[in-house]
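Subject: Handover of a structure

Dear colleague,

Please find below the sequence and structure that I am passing on to you. My notes on what was found follow directly after them.

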Amino acid sequence: MQPDQVVREVSGWLDRRLPAGWFGAPPEVSVDSEEILVVGALPDGDGDPLLRAQQFREETREQRMRLAAELQRRWRRKVSWGVDCGGERLLFTILSVPVMTRLRLAERRVLDTLIDAGVARSRSEALAWCVRLVERHQGEWIGQLRDALSYVAEARSAGPDL
C-alpha cells in the first residue's frame, strides 16, 4: 500500500475515533514504512503553549495508547503523537530508526567536522542534521520528487498484472 493511501485511510480511521475537542482541526498524519505520526493542533486557549501541550499529553495518554495499539495492529507501524500549540510543535514519542549506510572518507570527514565543531555528538546525529538541512533548503524539490513518485506508483498499479 502506498504512503498516500495509508495517510488517507489512517486519517479517515482517526476521524471516526478521535474524541471531540482534542484538536481544533483534523490532525496531520505522516507515514513511512516504519511509523505513523499524528500531530494535532490544540484548540486556541490561554496560557503557556508548552504547559497546555504537556497537560494534553498527560490527560490523553491512556486514550492515545489505546488508539495507537489499534493503529499498530492494523497498519503494522509504530504510532507517534504530537501537537501544535501556540506556534510550537511538540512531538511526544517519535521513532528513531537505525539506517545502515556506507560513507567514503570525504563524507565521514564532513560528519566528523560537525562533531568536532560541537554541532553534533555522533556521526548518527551529524547525519540526521545534514538530512534536516537538505529538507529545509530543498524541501520544495523533495516534495516534487515525492509527487512524481506517487504518479509512478499510480502508473504501476494501472499496468498489467504479471
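Ala41 stands opposite Asp84, a residue of strand E3. Please bear in mind that this is a predicted model. A second pair across the strands is Val38, which faces Trp81 in E3. The strands E2 and E3 pair in the parallel sense, over seven bridges.

Helix H2 lies across E2, E3 and E4, and it runs at about 155 degrees to E3.

Strand E3 covers residues 78–85, and because six of its eight residues are buried, the strand is largely enclosed by the rest of the structure. Strand E4 (residues 88–91) is joined to E3 by four bridges, and these two strands run antiparallel. Within that pairing, Gly82 stands opposite Leu91 of E4. The hairpin of E3 and E4 has two residues between the strands, and Gly86 takes a positive phi near 60 degrees there.

Taken as a whole, the sheet is open and consists of four strands in the order E1-E2-E3-E4, with mixed pairing. E1 and E4 are its edge strands, each pairing on one side only. On average, neighbouring strands of this sheet are turned by 20 degrees against each other, direction ignored. Helix H1 lies across E1, E2 and E3, running at about 140 degrees to E1.

I would also draw your attention to Gly40, which lies in strand E2 (residues 35–41). Is Gly40 buried or exposed? Its relative accessible area is 0%, and since buried means under 20%, Gly40 counts as buried. Leaving aside residues up to four places away in sequence, Gly40 touches Phe23, Pro27, Gly82, Val83 and Asp84. Gly40 and Gly82 are 42 residues apart in sequence, yet their C-alpha atoms are 6.5 Å apart in space.

Turning to the interior, nonpolar side chains in soluble globular proteins tend to be buried together. The largest nonpolar core here has 23 residues, and those with the most contacts inside it are Val10, Leu14, Ile36 and Trp81. Which elements give two or more residues to this core? They are helix H1 (3–17), strand E1 (28–31), E2, H2 and E3. H2 provides the largest share of the core, namely six residues. As for Ile36, its contacts beyond residues up to four places away in sequence include Val10, Val29, Val31, Trp75 and Val79. Arg77, Lys78, Ser30 and Ser80 are also among the residues that Ile36 touches.

Finally, a word on helix H4 (residues 123–158), in which Leu133 lies. Leu133 and Arg146 are 13 residues apart along the chain, and 18 Å separates their C-alpha atoms.

Yours sincerely,

A colleague

Technical notes
Residues are numbered from 1 along each chain as its sequence is written. This is a predicted model: local features need pLDDT of at least 70, side-chain atom pairs count only at pLDDT 80 or more; totals for chains, interfaces and linings use all residues. Side-chain values use heavy atoms; hydrogens and water are left out. Buried means under 20% relative accessible area, exposed over 50%, partly exposed in between (1.4 Å probe, protein chains only). Contact means heavy atoms within 4.5 Å. Two strands pair if DSSP finds at least two bridges between them. A nonpolar core is a set of buried Ala, Val, Leu, Ile, Met, Phe, Trp, Tyr and Cys residues joined through side-chain atoms within 4.5 Å. Axes are lines fitted to C-alpha atoms, for helices over the stretch in contact, and angles run from 0 to 180 degrees between N-to-C directions.
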